[in-house]
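Please examine the model below with attention to its cores and its helix packing.

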Amino acid sequence: MIEVEGLGKDFLVPEKEPGVWGSLRALVAPRHRPVTAVADVTFTVAPGELLAFIGPNGAGKSTTIKMLTGILHPSRGRARVLGFVPWEDRQQLSFHIGSVFGQRSQLWLHLPPLDSFNLLARMYELPDDLYRQRLDRLVAVFELGDLLAVPVRKLSLGQRMRCEIAAALLHDPRVLFLDEPTIGLDVIAKEAVRDLILRANRDAGVTIFLTSHDAGDIEKLCRRVIIIDHGQVLLDADVQSLRRSPHFSIRTVGARLSRPADGFACDGVEILKRKGPGLKLRVDTAATPIDHVLQALQAYARIEDITVRTPSLDQIIAHIYRQKGLPASAPAEPAEEDE
Amino acid sequence: MPGVAGTGAADPAGGPARRPLPGLGFLLALQRLNLMAGMAYRWSFLSQVVFMMLNNAIFMVFWWVFFQRFPQVQGWGMDDMLLLFALVAAGFGLSVTLFGNALRLSSMIQEGKVDVFLSAPPDPFLHLLMSRMSLSGIGDFLFGVGAFLWLYPADPVRWLAFGVVVVCSGLILTAFWVISQCLAFFLGGSEGISGILAEALVTLSMYPDSLFTGGVKYFVYSVVPVGFVAWLPVSIVRGPGAGPLALLVAATVLWVWLARLVFAAGLRRYESGNLIQARG
Amino acid sequence: MTRPEPPTSPPGRPDLAPASQKGGDRGGQGEERSLAPPPETGAEGMNGPRSFPGLPRRVPRPTGSLAAVARKYAAIVATAVRHRMAYIGDSLGRPVFFALILFVFCRLWQTVFADGRAPVVGFAARESLWYLVMTEAILLSAPRLQGRIDEEVKTGAVATLLNKPCHYVGYHLAFALGEALPVFLLNLAVGVVTARVLIGPLPVAPAAVLALFPAVTLAMTLSVLIGLCLALLAFWVEDAAPFFWVYQKMLFILGGLMIPLDFLPGWLQAVAGWLPFRTILCGPARLLVRFSVADAGSLFLWQAAWIAVFAVVTVALYHAGIRQVESHGG
């Protein structure tokens, strides 16, 4: 479905020096410096897969998705999407793929989403009856009934994203590219959008390729995840096996108890910090269920307050670097693309 | 600018003096920063300056064509138009270069961008107005000065008169814009009407005053001060005289004082939070 | 990996029956909304519980026929008209400004022609003012593409239409024409009412009214194309605004915005004749004031020729610009 081999992309960015003198010099003789956005990426995606492309800002996610949708020519490497070379056959490919880019809405700001849907149906040359049927189903599944007549600018970010995804599915694409679909959403809207992505994949059989810098998207959505950093694939793994690996299964538990925590102990739990009734623990939930820890805490004392923290993407990436015996993090490239 | 500082010292509306006016050093540093930020985009900087001069020159071509066909319009000829345009362009350029935010106040108020300036130590009035520099204004200013020097290449008395009236004209323009933009403090969304008022002033000031007779004449010397921005300055430069000059300076002081008054009143309303409903 | 897959019925993807046949009674609301992680079964997951029952599949693929393409761009125009109507209240400042300009020029022309000065090639105060009504209505209605395109170029969004079955230039042309239509009608109405009040009605030949429809449409098309052309220069320069200022001023003088080209000195009229600007403003406005079939025919030909030229240039600039994005990033 998607085959990528040694794909890479370099950009030229202008260089500026500080101060009046630097400004003047840039005025007369601007200089450019090549920056590698994507170094060398290789992977394949099978039909029906739901793949998350995860990485911090500036890791090269957006550049990769732009190359796969035919927007950018790569500097090196090869790629095929549905058998098409995206940047050569982009018009043909466009009928078979859908895309949602956070930065550019396909919805018209001052009009209700329905107007945008109608336009997209024409743009993708959908027969009227088929369009009607698909629209009706998408409206039902995405629960857009109440939103269809509201101007887009009045919708919440979450509602807008639901409409965006529905819009991208209208023409029955076989692959859906989503660039940061959950960015900026609150917890509830995030869940709703994830659920819809999941259902589009599982129930409508759309292959989905999404980028995110939210580790939560991996756990909630995907069967497979590719972690990318500095334009390189750091990890390409099954989420099931990942979930059992310490990258993801570690939880940090902070608790305040009704009495001093000096005497607390529990198998499989590393105690990070103890101060009066306060306690900070690290638990590998693959080995010790979180439930087990909570029971042990309750048996010891009354719990007055508790937090459970999942590792952040940065921590996960740092962890992977450590495991691979690489230096913790290479010098950061300017994050000029994934804003 | 000395005029502004002078009137500012008598704080408007008898309200408690907020903060001392920002020092000259601070304002100079602000303008230096503005200029540097502008030059960071080399093409923008050069082209905005050069193209704005060209832009004005082409407008003069219109009048040249016009006066080729109709040599006199009620006493106004090509030289008078050129002088009028030189004055207005220089005053306009001075204003938008030094007080680049004057024409953006309305949207800034609406978007809550004024907050940053309220929480900074310097007096918000000048700090706010001077925090942006319109680069094209430099082109306007240079065009105005150039056109004037072309008309009067060796006439030091007129140069002096020109310098004074341009500063007055620029200050009245700025004051008028500030007042019209401050409507946003009281009406909420006022970009439309503020824009119309600003444009009306500039547009009317580019035509001979002999076109406006009757009731309109009073209008253009009061509500919309075209007379003080354009025609009075022209008559002063044509035949330097102390009387008209004193009138212009008085009008300038009055308008600047009014602008500070309205701005201060607007700020009080803004700080009271009444605007939140208006923003709706 | 070498040959494109057949575009229809991808392998491993079940066709879903139409809504009427199954699952029709299962609304979107009451369905299972599992938040649980997906079953780790890869492609087989598709055969699990379906919450998209009856999402009809599309069998025919695009024809690319002329009719479909025409419908596509017509739909963009129609959407743009509605889009512009949705916030037309925001631009009510323009008509006020328009009325102000008409007032100033009414005074100017009345002053010029007051002392019994003879009309210039048939233009007296009344004709000159009505001429201005038409030129200003066109000028003020031309959508301001510059800011929009500039932002698209800066953010790289300019490329996102690349993966839509629609050409960027065609899309923006249709978009701009659609947006211009309601604004033009509004401005024209304001202009006509103001001019009638200020200086009285102008007798217009019915043929002139008929000729104005294509003349204004072609003028607007050309104006949008030139605007796109200039806006696309944002690929190479940081700020394309100055080009617009110059273009605007060209329209002022050589397009005959404020003063009919007939008033210009002979040599300047000759220069203007060979430039596109007059076909945007002076051409249509002259049809309103002094109609002749010959003038109309000549105008349409010139408009068509300039549209062809600028369409080619704009498309070329766009494609060159996209290559630029390739190297500098978006």
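Predicted model: local features only at pLDDT ≥ 70, side-chain atom pairs only at ≥ 80, totals over all residues.

Student: Which residues touch the most other members of the largest nonpolar core?

Tutor: The core in question has 276 residues. Its largest share, 14 residues, is supplied by helix α6 (residues 206-232) of chain C. The residues that touch the most other members are A:Phe43, A:Phe117 and B:Phe66.

Student: With which residues is B:Phe66 in contact, leaving aside its neighbours within four places in sequence?

Tutor: Contact requires heavy atoms within 4.5 Å. By this criterion, and with those neighbours left aside, B:Phe66 is in contact with B:Val73, C:Leu108, C:Trp109, C:Val112 and C:Ile259.

Student: Why is α3(B) roughly antiparallel to α4(B)?

Tutor: Helix α3 (residues 42-69) and helix α4 (residues 78-98) of chain B have axes 10 Å apart. Angles over 145 degrees count as roughly antiparallel. The pair is therefore placed in that class by its packing angle of about 160°.

Student: What percentage of the residues of chain C count as buried?

Tutor: Chain C has 10 helices and zero strands. Buried means under 20% relative accessible area. Of the 330 residues of chain C, the percentage that count as buried is 53%.

How values were computed:
Residues numbered from 1 in each chain as written. Chains lettered and ligands numbered in written order. Heavy atoms only, no water. Core = buried A, V, L, I, M, F, W, Y, C linked by side-chain atoms within 4.5 Å. Buried < 20%, exposed > 50% of the residue type's maximum accessible area, 1.4 Å probe, protein only. Helix = DSSP H or I, 4+ residues; strand = E, 2+ residues; numbered from the N terminus. Axes fitted to C-alpha atoms, helices over the stretch in contact; angles between N-to-C directions. Parallel < 35°, antiparallel > 145°, perpendicular 65-115°, else oblique.
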